[in-house]
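User: I am new to this structure. Please walk me through how to read its features.

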Amino acid sequence: MIEYIIYKAILVVIVFCITLVAAMYSTYAERKIAGFIQDRLGPNRAGPFGILQPVADGVKMFMKEEMIPDVSNKFLFILGPSVAMFTSLMTGAIIPWGTSLTILGHQYSLQVADVNIGILYLLGITSVGVYGIMIGGWASNNKFALLGALRASSQMISYEIGMGLSIIALIMTTGTLSIGEIAAQQHGWHWNILYQPLGFLIFIICAFAETNRAPFDLPECESELIGGYHTEYSSMKLGFYLFAEYTNMFISSAILATLYFGGYNMPFLGRFVHDPNMLALLGTFFLFCKICFFIFVFMWVRWTLPRFRYDQLMNLGWKGLIPLAILNIAITGIVMWITGKI
Amino acid sequence: MERIYLPAIFGGMIITLGHFFKKKVTFQYPEVKRPFAPVYRGMHVLKRDENGAERCTACGLCAVACPAEAITMVAAERKPGEEKLYREEKYASTYEINMLRCIFCGDCEDACPKESIFLTDRLVPSDSLRQRFVYGKDLLVEPMEASKRVDISQRQTKEVLEFKKRKELQHNRLK
């Protein structure tokens, strides 16, 4: 029992650290990719190729003066970024980072918690995530922050429906809510993207909206809302909000890779590598490659597309994605009925 | 088809990906400096001849040509024994250019019959006092040492030299 707790504790700490480091270097990657797409070089002064830039940014954030507006609700003002950060880190628990390692005859799964309702947990946590933004925006007692918070909450509520419906079609084909099992089912070439291309498209669009990334970054919207919900924030509390966004992006990429792109599975890998431990580690490596690819796509899209207008956003969510997701469910059902899977 | 945006979005993403791999235009400034255009007109220099004597004879043509009236000078007569310092019998004892008035048009350079004043690729540094922008001979005349001479070969092109020989132009006739 004690051994089990230690193993889980170590795994939790590792996942926690990897998530934070990944989010940290996402900020660097974002600036670098933005630079390259705009024919610039991006940050390249702090360390070789600027790889110490996130450290420098972190030091800057900590050194900044801490400002809490007089008119704000102090408790909620501090609670906002904490909730945002907390919820974005919590989702890492259910992602299967690999199969399992065998050390001294014991099997150690590389998934912190294989909850049998993993997907529901995921949707639940992401919808709690909006409270961080809402509480922070409201507690600032500033009209721009409040507008940003309102936009964030309505946007997230609208796109959660599309996301949930697109996942339903996926659940119909996989027949399980456990993310660990969904990843295991995609062995070899049986990646879910091949069975659910439309579902994937809806899911990725909703993921963009859920993480408040461009072209759906209306809650921040510098040009009209100054900074949106984090207008009044400074120092590391602002850092937490920005960091939570990058953590969310990393987790979303991990979920996209796990649900639709085979997770830790890589075709033909088993033919070349036979040692199960090696295979598990390579699987983790390939999962991270997929995650990096999706993070790149997130940034690529951000630096390509302009921001949606608010009515366009609602139009797309309610009139575009939700009917499409329902259609996807119907098509999935019909195909499954014809092929005799129901 | 246009209503679903996706083809247009992918088109846009291909374009940005193309830019991702393009050669960058950035100059790493303190280490690498962007080369000036050969015709760049920056801070002036008063040239010396090959023996190190000042070429300027204080004729005042540059001051007349100057549209911004930035140039002032006081002429003086060369004393015996100063032949090493001044090429002509008359020279400028003070020669001042107000860099805040100067518009760097290069008319002084065209007007000069003695090939004395040239605009170079050097920049006039910023300052916090107006007075310091009035540059005297200490800043304008090039140093005596051969190694510290200011290179004006980019400005003194063949065309310029040919132009100066055209005697039908009045200012070229003045000696």
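User: What share of the contacts in chain B with a separation of 6 or more comes from residues 24 or more positions apart?

Analyst: Two residues are in contact if their C-beta atoms, placed from the backbone, lie within 7 Å. In chain B, residues 24 or more positions apart account for 74% of the contacts with a separation of 6 or more. A word on the source: residues are numbered from 1 along each chain as its sequence is written, chains are lettered from A and ligands numbered from 1 in the order in which they are written. This is a predicted model, where local features need pLDDT of at least 70, side-chain atom pairs count only at pLDDT 80 or more, and totals for chains, interfaces and linings use all residues.

User: How many helices and strands are in chain B?

Analyst: Helices (H or I, at least four residues) and strands (E, at least two) are DSSP runs, numbered from the N terminus. Chain B has 6 helices and 5 strands. Their order from the N terminus is α-β-α-β-β-α-β-β-α-α-α. The radius of gyration of chain B is 24 Å, well over the 16 Å from the globule rule for 175 residues, so chain B is more spread out than a compact globule. That radius is taken over C-alpha atoms, and the rule is 2.2 Å times the number of residues to the power 0.38. The C-alpha atoms of chain B fill a box of roughly 90 × 40 × 30 Å along the principal axes.

User: What percentage of the residues in chain B is buried?

Analyst: A residue is buried if 20 or more other C-beta atoms, placed from the backbone, lie within 10 Å of its own. In chain B, 16% of the 175 residues are buried.

User: Which elements do the buried residues of α12(A) pack against?

Analyst: Helix α12 of chain A covers residues 276-302. Its buried residues include A:L287, A:F294 and A:F298. The buried residues of α12(A) pack against α1, β1 (100-103), α8 (197-210) and α10 (235-260) of chain A, together with α1 (6-20) of chain B.

User: At what angle do α1 and α2 of chain A pack?

Analyst: Axes are lines fitted to C-alpha atoms, for helices over the stretch in contact, and angles run from 0 to 180 degrees between N-to-C directions. Helix α1 (residues 2-37) and helix α2 (residues 53-63) of chain A pack at about 105°, with axes 9 Å apart. They are therefore roughly perpendicular, a label for angles of 65 to 115 degrees. A:M24 and A:Y25 of α1(A) are among the contact residues, as are A:Q53 and A:P54 of α2(A).

Methods: A residue is buried if 20 or more other C-beta atoms lie within 10 Å of its own, exposed if 12 or fewer, and partly exposed in between; C-beta atoms are placed from the backbone. Angles under 35 degrees count as roughly parallel, over 145 as roughly antiparallel, 65 to 115 as roughly perpendicular and the rest as oblique. The expected span of a helix is 1.5 Å times one less than its number of residues.
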